[in-house]
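Hello,

Here is the structure I said I would pass on. My notes on it come after the entry.

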Amino acid sequence: MGNDFSQTQDLISRGLAGFIPELVLSALVCVLLLADLFIRGVKPRTTAWIATIGLVLAGATLWPRLAASGEIFGWMQGGTQQGLLVTDRFAWFFQMFCLATALATLPMALDHAAFRARRMGEYHALVVAATLGMFMMAGAVNLLIAWLGIEFASMASYLATAFDKRDRRGSEGGIKYVIYGSVASGVMLYGLSLIYGMTGSLHYGAIAQQLQVSGASDLGLMTAALLVFGGFAYKMAAFPMHFWCPDVYEGAPTPFTAYLSVASKAAGFAVFVRFIAAFTTGEGPSFVAFGSVPFDASFGWPTLIAAAAALSMTVGNLAALWQTNVKRMLAWSSVAQAGYLLMAVAVYAAGRGRPSGGDLGPLIFYFIAYFFMNLGAFHVVTVIASRTGAQHVEDFNGLGRRAPWMAFGLTVCLLSLLGVPPTGGFTGKLQLLQTAVENHLVWLAVLAGINTAISAFYYFKLIRCMYLHENQAGLVTTGTTNAVLLALLVLPVLVLGLAFSPFIELSRSFGF
Amino acid sequence: MLLTLAIFLPLLGMAVVLLLPSANKNLIRWTATAFAAAAFIPIIVLSKGYGGGEGDSAEKTLLAQRDAVVAAAPAAARETIKSLLKEPKKLTKQLEAWSDHEHAPASALSDELKPLAQVAAADAYPALHEAWELTLAAESVLAKDLRYVEYGQWIPAFNIHYFLGTDGLSMPLIFLTGLLWVLCFVYSYSIEEGVKGYFALFLLLETGLLGVFSALDFFLFYVFWEIVLLPMYFLIGYWGGPNRLYAAIKFFIYTLVGSVLMLVAMLALYWKDGMDSFNLLTLTSVSGGFDMHFQMWIFLALFMGFAIKVPVFPFHTWLPDAHVQAPTAVSVVLAGVLLKMGGYGFYRFSYTLAPDAGVSQAMVLMIGILGLINIVYGALCAMAQKDFKSLVAYSSVSHMGFVLLGMAAMTTEGMQGSVLQMFNHGVSSAMMFLLVGVLYERAHHRDLDRFGGIGLQMPYYTGFAIIGFFASLGLPGLNGFISEALVFMGSFNSSEFFAGNSTVYALPRWIVYLALPGVVFTAGYILWTVQRVYMGTAKKEEYKTFKDLNWREVFSLTPLAAMCIIFGVWPALILDYMNATLDHLRAFVVSGGGI
Amino acid sequence: MPDTIKIALLIVVLPLAAWVLGFAHAAFRRRLPACQDWISTVAVGGSMALSLWLFFTKVLPGGGMAAPEVWSCRWFAIGSGANAFILNFDVMVDNLTILMNCVVTIVAFLVHVYSRSYMHDEDRYPRFFLHLSLFTFSMLGLLVTSNLMMLFIFWELVGVCSYFLIGFFFLKKSAGDASKKAFVVNRIGDAFFMAGIFMIGGILSKQWPGEGVLSFQRIWESIALLGQGTGPWIGHETEVALAGVFIFMGCVTKSAQFPLHVWLPDAMEGPTPVSALIHAATMVAAGVYMVARMFPLMAGKGYTSGEFFDSPALWVIAITGGITALMSGTIALVQSDLKKGLAYSTCSQLGYMVMALGVGSMGAGLFHLFTHAFFKACLFLGSGSVIHAVHSQEMKDMGGLKKKMPLTYATFLVSCLAIAGTPLFSGFLSKEAVLGQAAAFGAHHQGVLGWIPFALAAATAFLTAFYMFRLLFLTFHGKPGNQHKFDHAHESPFAMSMPLVVLAILAVIAGGIALPGGLDLGTGHWFQDRVNDKVLVQQAMPESAAFKDMQAHMVHLHEPAHGANAAIASFHEHAHHVHAPVMYMSLAAVIIGIGGAWLLFVRRRHIDLVGGIPPLARYREVLRNLYYVDWFYCQRVVPTGKDIADLAKAFDKHVVDAIVNAVARGGAHVAWFAGRVDAIVVDGAVNGSGASMMALGRFCRGFVNGRIQDYVKYTVWGLGLLLIWAVLAH
């Protein structure tokens, strides 16, 4: 016991040392709030710079963790270590991902019409806070921390969604988000309490161990796990917890929508993949609850996730078809994208326990591509919306003439989201399909293919408006910063489509 | 390098055109034409070289590459790799186990591979895999005839290569592409709106098409295949007729559905037996060993992808829409080259990757009957059209039926006739669309019933029209006849026999009998058209003011008319080109993949 | 390359050169050379001179060429080894080729000369000669080649030239219609012809890979082998018969046989010289020529043994020819248009030739072809001369012209006598040969059926004399039908009358080449000797006994060779016996025919033949309506075809494309529903008012009231469903 205690102390001290990025973010939140409160007439640009510097600093402190590995903030129980957070390459990737998203959306927010000439410190603080929550989600190895991270990120998101108080839609979106989020949270909390009751632990490793040793009531565990899954699906904006998505995306300030659609989803996937990893360790022969026999008729995680993937992409794409509001369309598109991404998770779950399985490369790669293409799309939408008030698809008419580079950038991003070569979206989707086919999930691959064709309708609706419809209005000026940001977002999309070999190696290295 | 040059010169041209000021339309036109012409130069060199037997054979290039790979492998593994490569097909069976264990301990290797354990299997694996791919590729039937091969790494993580080459199957189509682009650009000087975008997209389209016809890596092929879609969408959607948006999106979605299925087939092949290869040649040399069930699925999935492009009934309805709405030059390349992507795909991919399925009874019947429907039904539909352009569009449907019919027969005559038909149709249909375009530019309508007496007003133009339409009709002495005759002869000739371990099924003769009336219908609609448009007296006063062809139109039409005549009188010019390639390919297919 | 071949090819190439010259000039200078008429005429004149030179050096002396000269070059080769398919450009020159060359070049040359005057005032005058050159080239090419595929190519080329020339006056709708009709109808036969070629080519190229396929020699050889029970056709006997019939279908359209003869009368829309050259003397005879060349195939496996009188293909040919001959003859009775009358007469005579082939006598058929070319060309050119004079084709505008146009009248009369089969004219010999063979065929079969061809032919023989003289009398005798036109009529210029005279002379003497001990003393029936299969098959079957039998058979009026096959011996026996009665009968037919015509049309001036004869009146309408064959095609077949095409179009649009669109729309509907759910249920609070709410009406109000609760509810449902699934599956 004494030994445990000293080791626990050790864990905590090590933990604090390894927790520096999160601490930097926490400090940044405070600084931003204080700056907003106490400096009179602080300009948005100022707080943006502060946020930028803080985020870069956090990134710098995060960097060493690339090499680190191990759990922090844990305690020893029965000779095994039970941490709260883990610092591994997988977590590092998603944390860095969320950080980058926050960074990329900062200039977008500066440009956003609703934010202009307002005190932005509060908003920046909320974004950083949400990022902090996502840091926790990405590193959580304990269900409680996972839940806490989700809650933390959500709280900040609710507020940011309703940030523009004058906007009815924003407020409404915020309210809906809160209600929906609390339901999801409640559901998840209920599930994890059940799990705790059945296994006596909230630590993934311990749960997995416990399950192997004792087994558990299958049905009970299944129920509990499903409820927890609900919480994750909410964050991933995947079926069946995607309903909040369009409202919130539409209502939230566009830069924050961009942030939500990328970072929040990534964090959701990160936490979900870890959870899945725990529940399908596959190391023991008799992990009973969700059998690791992948593709028979029995109910199992791979089947469940595959079904969720299929439904997400189909529902998302179909619903997107008739949308005329661009943000709403992109919201549904992101539901569909979650479906594609879930394919990789399903394969991952199926592959656990097989020597060649457990490759998260495709998922990571797709996220890299998704980062650029989705942010790129939202960037253009933000810029155009703030210049012309465009909300609807028709508002983009003639954009190919009015803002050729913006239109070109958006086209590339949309094509990438659609999955046409030579873009990152294609190579990403190719790998997703590839893993599906490799693991005999051909039906899912075919379904994804058909979905791709369906999605062409609405992605092309926007492209068509930009190039093939006329609009008498004049040129749209966009500014240097936006152009640079656009280039930074769009060029990688093409690079990922043409010379993606190094990125494959890279993405493979981020597994755990 | 010549192929690369040909493929990427248009892309460079696109970049240059985009940088030019939009206002200077003539500069853009001339620049674009210059780039198309520049891309045509290496193509001519290639064609000449290929015809003259120049250019390193694929076999030689690939083996040299293999030796280089082996030489670069870890020293300790070299000898083992060399000895393993003596029986590359045997190695294939072990790859699955190994690819599973790529990062696993060496103890998991099979007995034959055990020696590699000494040098750490994971290090030796890439070299062995690459060397294996190359050895098999050099052994494949396609390597015999491919020349001007370019081979390089592109995405090592997925064994994707930048692998190009050309043979008797692709060379005529590459030539046609290069030629049509020059002609179309000169013809397109009358485009006044969005000149920059038009020429830029057109150049991009050329890159895609040349890439499609020369890519030998399935992945590379797919990328080029998809690149073709986009510019086409915009070209139809922006510069097209009144209903262009519908036509453009229909074209896009339809083709996308097909290509997605192709993608799934491609991935299934990649994972087959753990081969992890997109190399068409490698896959070809082992494809005979695939079980029938798998081959059938592959064939069907690829079939969908290619059939939509051909287009095969009932997937053809995008074609009339696209043609009618597209601007003239776009119709020209659509009929002239884009449709050939489908037929080319069948020969290049379907039959090489699923040879047994291709000659199985079900497929022979299916392709044969669909070909029959295409021929007869297309001709009937053409006869009923009132719109000049949709008549020509349906005539394409009908003519492409011959491609299918000859393909189903898989006899020497049938197959070569079918490939020749692709080329010939590329020439004559391109010409017909140009002819329709010429008339449309003057009359601003395409209603067949409202024409008449053009022959008197525009005799020079009518002369070209007669050549083009009669070539399409299959008049002896012009190119279309040879291919149609060969296809018919070949399909009559088809008979069932056993070869290797599989049965080659015969195309039933009744299909051919039923297809023959198509010849009469074709004569019917062509002559009816000629009569309605060119004969008689002018139905409207304004027709009497029509000017005969201008120099641009003459420039575009002359080479095509000349080709109609030259290849009609002397088909050996092109048949000799294709013969070896197609003969080897046919032997490969009917012998069940050489196994 | 043997010299004969070189000359033969030169004969072919000269008109082509004229065409290429004109074409190149048109291509580069945008108009035809003004002297195209001279270029073409000189070229065809050169061809004629060479042809005649060949005739006088090769055919006339010493019993003709003993063996054909052959030469071939590779056209293209594909495949390899056992799968090779090699197509050669085969050239063969034998007696028949040279004779046919002479016919074509002589008629063509005369027509060229004639046209220089006749067509001179027409628009596009040079173009006319351009087409003529191309036609002459194609026709000559058709004759020198000895490969079925090449023959087919030239066959189509003459067809397309005919198309251009019929539609030469394309401003007239009727000309356009007629040219289209000619081509499309021909295309029907060609489809069969192609099927036949493909069948033969397919089987031969597989059985004899690596050699040139479809050459005549190969085909004859294969048939000869079939007779011996070996060779490529063993196991494909049905195909032999079928291929024969299919190939004959090509002849049916090209040579205007029933039931596909309908294009030929319409083709008279073309300029008259064209009618003379293409639609009387040469192109329409190409079908007969082709069937003669393919005779072994039609005769089938009994060919070498002589037992081919029951060959199904030959029966089809004989009956088709007979029906055509009689039917067209009767229709010719009621024609009021001079050229149409001649056109039906051409049909009828072609039917004669075809029937002769069908009853197994190639020699007789070809002989008739040879003589017919001259007098029919003469008749057409004569009619052209008349039309030129009165500017009308209707015979009611003519009459009494013999005084105004004595030269034309004289030549017309000579030709009429020839075609009627009057002794001392060439037509007598050839027609009598055909009739004799048909009668022998009937006697040989010893049944009623065997006499059908003869019966048809005999009836036609009478009709021929009758209707030809009807045309003659109505045109040249009696009173002028139209005084105004009559007054302006005049004899044609020399350029037009000279060809008439030459042709009339040929109409008299051409038959002489077949007279026993004729031009070439001492060799007997040399025409039939030279045209017969001895020369045709010699390459394939050099010295077999069967060949000797056959040779004996072909020289049909001679005693069969010793030890000849029983069938041939029997046939000869019969031929010998029927010879004299047939000759008397044919003489009687001529006398009755001419006499009847004289009575009716000179004495009583009936323009309308049957009007004055009550028992015939009821058939007049049938004849006037051409037995309703044309009507059937134009009113039934073609509209049905168009209906089917419209149906296909509608099907394409309303079914195939509709399915595609329905799939898309179905997807869109699902999507619409999803979108509505999104808009009303999820987004209801924001934009639930207005259209979307109205759309779903009261039903949806429930949704709209409790939005957020509702979609929480849905979420729980979703999870619940998953849970139920889990439980059930567990």
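Predicted model: local features only at pLDDT ≥ 70, side-chain atom pairs only at ≥ 80, totals over all residues.

Residues are numbered from 1 along each chain as its sequence is written, chains are lettered from A in the order in which they are written, and side-chain values use heavy atoms, without hydrogens and water.

Interface. Chain B puts 35 residues in contact with 40 residues of chain A (contact: heavy atoms within 4.5 Å). Between them the two chains bury about 3,200 Å², with 79% of it on carbon and sulfur atoms; buried area is the accessible area (1.4 Å probe) lost on putting the two parts together, summed over both. On the side of chain B that touches chain A, the elements giving two or more residues are β1 (147-155), α9 (218-239) and α10 (244-271). Of these, α10(B) gives the most, with 16 residues. Helices (H or I, at least four residues) and strands (E, at least two) are DSSP runs, numbered from the N terminus.

Helix α17(B). This helix spans residues 388-409 and reaches 33 Å from its first C-alpha to its last, close to the 32 Å expected (1.5 Å times one less than its number of residues). In α17(B), 22 of 22 residues are buried, meaning under 20% relative accessible area (1.4 Å probe, protein chains only). M410(B) follows α17(B), with a positive phi near 55°.

Regards

Key:
Buried < 20%, exposed > 50% of the residue type's maximum accessible area, 1.4 Å probe, protein only.
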